[in-house]
Amino acid sequence: TLAVLLLLAVGQWYQTLLGRGLHVAHVAHELMFIVVGCLVLTGTLQSVLPAPRAARLQEARRLLDPICYAALGVLFLSHIHDKSAVGTAWHVVLGWALIGQAAALLLASFVHAHTPPQGVASLANACVAYAWVMPGVWLIHMASFHYLFARGWHNDVDIKQGVHHLLWPGELATDAATVKDDAKAREYIGVYLTVDLLFSAAL
């Protein structure tokens with residue numbers, strides 16, 4: 001996993017930072033790779049270090065992991081990956097889901113630090129599990145419905161780029177005319193988010 005992240009970071013650097021000059025948007029991409037790399041690295045080290053050091057690293061991760069997920073959430077909230085209203089909305093939901101995941105992890109750490117009753121501990125564990133599942137479901141949904149066939153709705157010329165318009169072909173003309181319409185984006189995202197919230201709970 002670390003090797004893949006390193007290749008992605010080097011590829012981003014070579015294609016954009018090196019060839020086109022330094023831009024804030026490209027730095028945001030590199031920061032995402034760095035943050036995810038930190039998560040993977042600390043998790044890997046904990047599994048291979050001797051017991052005393054692994055225990056200390058586990059304690060450090062109680063704070064470090066939530067900080068990393070919150071940082072990823074902030075990057076997804078702020079980075080303009082897709083200029084369409086729907087594309088922005090997909091990423092805004094993902095950003096808040098990651099911040100929620102950070103909060104759930106931190107809250108669960110506080111709960112388990114005080115030897116809670118079994119019911120409280122089970123609820124904390126369930127919240128953490130949900131906080132892991134929901135962003136994953138949302139990412140798969142976003143990738144398949146919005147980006148499966150191309151790069152998203154960057155303009156009104158060719159927006160038929162995911163499963164969304166296979167399910168709703170009658171919406172194609174409307175979406176092309178309202179590609180920057182926040183209200184239309186909220187309608188789509190509201191429906192999809194409701195489905196994903198319920199589906200994640202069922203899982």
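**Entry 1. Aromatic pairs**

I began with phenylalanine 145, which has a relative accessibility of 15% and counts as buried. I applied these classes throughout: buried is under 20% relative accessible area, exposed is over 50%, and partly exposed lies in between, with a 1.4 Å probe and protein chains only. I note that this is a predicted model, in which local features need pLDDT of at least 70 and side-chain atom pairs count only at pLDDT 80 or more, while totals for chains, interfaces and linings use all residues. Residues are numbered from 1 along each chain as its sequence is written, and side-chain values use heavy atoms, with hydrogens and water left out.

I then searched the whole structure for aromatic pairs and found four. The rings of tryptophan 90 and tryptophan 138 have centres 4.6 Å apart and planes at 45°, so I recorded this pair as tilted. Tryptophan 90 belongs to helix α4 and tryptophan 138 to helix α5 (residues 118–146), so the pair ties together parts that are 48 residues apart in sequence. Tryptophan 90 and tryptophan 138 are both buried.

I next took phenylalanine 145 with tyrosine 192: the ring centres are 5.2 Å apart and the planes stand at 70°, so the pair is edge-to-face. Phenylalanine 145 sits in helix α5 and tyrosine 192 in helix α8, so this pair ties together parts that are 47 residues apart in sequence. Tyrosine 192 has a relative accessibility of 8% and counts as buried. Ring pairs link Trp90, Trp138, Phe145 and Tyr192 into a cluster.

For these entries, rings of Phe, Tyr and Trp (its six-membered ring) pair if their centres lie within 6.5 Å; planes under 30 degrees apart are stacked, over 60 edge-to-face, and the rest tilted. Helices (H or I, at least four residues) and strands (E, at least two) are DSSP runs, numbered from the N terminus.

**Entry 2. Salt bridges**

I asked how many salt bridges there are under the rule of a side-chain nitrogen of Lys or Arg within 4 Å of a carboxyl oxygen of Asp or Glu. The count came to three. Side chains of opposite charge can pair when their charged atoms come close.

I looked up glutamate 59 and arginine 62, whose side chains form a salt bridge with an N to O distance of 3.1 Å. Both are in helix α3 (residues 51–78); because they are three residues apart there, about one helical turn separates glutamate 59 from arginine 62. I found glutamate 59 partly exposed, at 48% relative accessible area, and arginine 62 partly exposed as well, at 33%.

Arginine 61 and aspartate 65 form a salt bridge with an N to O distance of 2.9 Å. They lie four residues apart in helix α3, about one turn of the helix. Arginine 61 is partly exposed at 22% relative accessibility, whereas aspartate 65 is buried at 12%.

Glutamate 187 is partly exposed at 47% relative accessibility, whereas lysine 184 is buried at 16%.

**Entry 3. Nonpolar patch**

Which residues make the nonpolar surface patch of about 380 Å²? I listed Leu63, Ile67, Leu106 and Phe110. Helices α3 and α4 (85–112) each supply at least two residues of this patch. I checked isoleucine 67, which is in helix α3 and is partly exposed at 47% relative accessibility.

Patch residues have over 30% relative accessible area and no salt bridge; like charges are joined within 9 Å, and nonpolar side chains (Val, Leu, Ile, Met, Phe, Trp, Tyr) within 5 Å. Accessible areas come from the Shrake-Rupley method with a 1.4 Å probe, and for residues only the protein chains shown count as cover.

**Entry 4. Two loop residues**

In the loop between α3 and α4 I looked up histidine 79. Is histidine 79 buried or exposed? At 13% relative accessibility, histidine 79 counts as buried. Apart from neighbours within four places in sequence, histidine 79 is in contact with Ala25, Ala28, His29 and Met32, where contact means heavy atoms within 4.5 Å.

In the loop between α4 and α5 I looked up threonine 115. Threonine 115 is exposed, at 70% relative accessible area. Although not a glycine, threonine 115 has a positive phi of about 45°. Most residues other than glycine have a negative phi.
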